[in-house]
Amino acid sequence: MGQGSSKQQEDFLTEEEIEDYQDLTYFTRQEIIVAHKKFKALAPDIVSENRNARLEMSVMLNYPELRANPFGDRICKVFSSLQDGSCTFEDFLDMMSVLSVHAPKTVKSEYAFRIFDFDNDDMIGREDLRELINRLTAPQRITEMEMMQLIQNINNESDLDDDGMLSFAEFEHIISKCPDFTDSFSVKL
Amino acid sequence: MARRSRPQTSTWEEARGEFYQEHFPSSQAGLEADDGLSGGVSSSQAQLLNILPSRQLLHTVDGVTMSRGQMTRTLGKRRSTLTVRPSQLGQSQTDVDHPAVLPDQEIPDEQQIWDQIQAIKAMPIPMDKKRERKNKLLNSPTFRMQGMQRFHLTRQKFWSRFKDAMVDIFSFELWHDSLRLIEGNFGTGVLSYFHYIKKVMYMNLAMFAAMLLLVVLPNALLPPSHTEHCDDDDRPATITACCHEEYVANVTAMRWRGVAQAFMDFLQGQGYMELTPLFYGYYENEILVAPHTSIYYNLPLAYVLVTLVCLLLCLVYVVIHTAHGFQDAILSRGKFYQYCNVIFSAWDFCIDNVSSAEYKQKAVFNELKGYLETDQYEAERRNRSQMDTVQLYVVRTVTNIIVTVILIISGVIIYFVVQYSLVNVENADSGIELYIYQYLPPFTVSGLNIVVTMFMYHIVTLERYTPQVQVTLTLLRTVFLRVASIAVLMYSFFVKYKAQCEGRLDPDACYADGCQRNACWETVVGQMCWRLMLTDFAALAGLNIFVYFPLRIFIDHFPAAWLRTLFLQEFEIPRHVLDVVYNQALCWLGVFFSPLLPGVAALLCFLFFYLKRFTCIRVCTPPTLSLHSIRSSAFYMLVSLFSFFASLLIVVFSLAEIRPSRSCGPYRGLDTMWREIQKTVDELPAWLRNFFYYFGSAGFAVPLVIILLLAMYYYSAIAAANKHMIEVLKEQLVLEGHDKQFLLGKLNELNSLTRSRLGERRENVVGERMTEGVHFAEMGSRSSSDAQVVTHQGL
């Protein structure tokens, strides 16, 4: 069954690739195989032909943790190699590696900063915070006054150089003071 | 507008002088860019911001983006070479592999290469760039290491691969599927509660294994070296042996009286249960010896030592787990970063279904509203009138008094119930009556726990504290109630026993009149603990399965709003934590009187897990108030610690005050249980004995206390100094931020000034010059000498 065996080779990861991924991510061998299985479950036909296929964002958002997450689309965009939300298996592996429990706080805070920076200007400004709070509390509405108050409070707590925006250094500083961040910013495979 | 009318021939230096005359933040029109910075950034401003060194860190170096944190750290260490950096950034460097490796350094050796490869994982770049980098590192020329260093590297590589393989093989996690289900539906707060149950279960299993191996098995397998026999002629001398034989005879007579009775005996711990390894009365008071060998095993010594060591290890375990999370959880949780904590780490990324996500969103909304209300309340509080403050304090004092009174009343109720039941137990025959009297105290305790807890949850709302304080206060009060109820139970028993049985004991009698049931009081205490544990678990299970679950089904079928508000429960973690803590407190209390009790506690923890899982998933809804889901299990461990010390106090009190019973146990006939340890210590060599005695003397305690006080003072002084330093640095940072905005504004103005002047002369190439203007500014940021040329060009 030459046809079958060559199809099999396309399907599964080679040993070389698995070892490579072990060096480049925080996963062990088993976890990489499980990750590939889950990736395949999103679009079995496409992934059977090319194990590193690129899946559209709408397909990626079928993954349960991403679908239930108000920031699911931002996560896909940040980890996507084309920056448009479509992910290959390597992007997906990268995503799961950063979101795994083994990843250190520095890596997580870097990516969290990118996810929360909705307008991609390398600072979390007022509009970013507004969008963030709205997504967190939808469909409950926060009044305009409360929103202003919240943004003001956040800036009071975290904006150290008083420019009205959070730079990465300030964000990292705040995250280091949040004890729950590592636990909440994690997804188990 | 003074700046616009500046003479056109002013040089950079003169302009600089003028800058210093301004005061910041300037109110000039040119600096309306200030608002632009915090709101939207104009394009020229954005261009300026992008050429700042802190933004340059994002630029690719050698095709690879470094993480910002890494960059600042490596650059920070090599500050002396920073003059090289800004001009080289953005250009490709063929001879520099890594910013940390300067061109004049040696070729890196294998250890460095390996370290750098390990560090690739932490880089925030896509996978293909990571792979490129790894291949580049692998193919770069390396310096081959020799000898010891090479050995170290090989060992490191082997060890990391071995660890990974081990993790893959031994990846069994108890209750993995249940925990994933709970995590996906409820988030990490509820998950931490179930992790806590698991940890407590493992701790109990470890204690059980230790007691089993070191106390129960030797006693069951090895015979005593010699047994005393009762000599009727010389009764006072062999009184312990006579009493023991009588006791054993009595108990064996009551062993089997029918199936129904056997079941009741199981629940009460009597009859055939009484002389099992479960209770204190089973154990020998002699040194055990393996037959035909000379292996000795001093059981009485082993009994007390193993128990003490087990308790000590439990204490260490609980303290370690508390300390792990204590600093993070309790100290950082203050009012300092609460908003940021909510906004940035409130969302549990592990939630995997949409309905739980909706609950979570509601929870976040409620928490934010709660914080805003608290702040408003605090603001009001400061504005509160004298009258209001006085009124509030009066209300708080009254509620505190009411709570104390209720606690005292509960204590008194338990005391009288125990006395009543003890009296009637003596006079009752076996059967239902006896059963009822014996189970009366535990049921009273459980009932009071439930009722008073509910009352305390409602009364705390009157006191108008912040939600955080409310939860902590209620938790503390409820813990105190539970522990105090056990304490009162034990105390009333001991008081009765001492008054009635111990005081009137003749030298040649086994027990005083009317005290036959308490002939072996340690076993009676063990039985009480056994009954308390069973009752508590049964009450909890019964309540959840037969009351709350049908209610929930009823509410689901008749969705009326008033029903929901009245009866629908959330999974409030503090309340459920207390159940586990109470169980554990009973276990610690009873371990001395019933060596196998940790095993029973472990089994109950196992059953607890499933009961709570059932409650969580089928009966309750996810917690919408985030303070009902305190996330760190360190807080729960702290509550465990408090109950540990309370249990320890009770045990020590009983051992110190009451003599061991004459009829049973490893210490029958002795004055106190410590006698056994004292005998052994006396038999040790002199230097060892003095060593132990030194620990108990004042010569050790006083220097220890002094050293501890000095250490505390030293650390608090350092903490105060650091705090002051943080304040100073924060202020400085704000000033630097203002400086930066000011300078950027000035620069922007200079650019637009230049541009507008150029625009007057050559309108058709305005676009070109605008970009040139940016280049001017770029070059201007490098060196002032260049800028001289620039300004001359521009003007």
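In the predicted model, the secondary structure of chain B consists of 29 helices and two strands. Chain B comprises 795 residues, of which 45% are classed as buried. Among the contacts within chain B that have a sequence separation of 6 or more, 76% join residues 24 or more positions apart.

Contact between the two chains involves 75 residues of chain A and 66 residues of chain B. The size of an interface is often expressed as the accessible area lost when the parts come together. By this description, about 6400 Å² is buried between chain A and chain B, with 59% of the area coming from carbon and sulfur atoms. On the chain A side, the greatest losses of area to chain B fall on Leu24(A), Leu136(A) and Glu157(A), which together account for 11% of what that side buries.

Polar and charged interactions also span the interface. Eight salt bridges are found between chain A and chain B. One of the salt bridges that link the chains pairs the side chains of Asp20(A) and Arg131(B), with an N to O distance of 3.1 Å. Classified by residue type, the side of chain A that touches chain B contains 37 nonpolar, 23 charged and 15 polar residues.

Conventions
Residues are numbered from 1 along each chain as its sequence is written. Chains are lettered from A and ligands numbered from 1 in the order in which they are written. This is a predicted model: local features need pLDDT of at least 70, side-chain atom pairs count only at pLDDT 80 or more; totals for chains, interfaces and linings use all residues. Side-chain values use heavy atoms; hydrogens and water are left out. Contact means heavy atoms within 4.5 Å. Buried area is the accessible area (1.4 Å probe) that two parts lose on being put together, summed over both. A salt bridge is a side-chain nitrogen of Lys or Arg within 4 Å of a carboxyl oxygen of Asp or Glu. Ala, Val, Leu, Ile, Met, Phe, Trp, Tyr, Cys and Pro count as nonpolar, Asp, Glu, Lys and Arg as charged, and the others, Gly among them, as polar. Helices (H or I, at least four residues) and strands (E, at least two) are DSSP runs, numbered from the N terminus. Buried means under 20% relative accessible area, exposed over 50%, partly exposed in between (1.4 Å probe, protein chains only).
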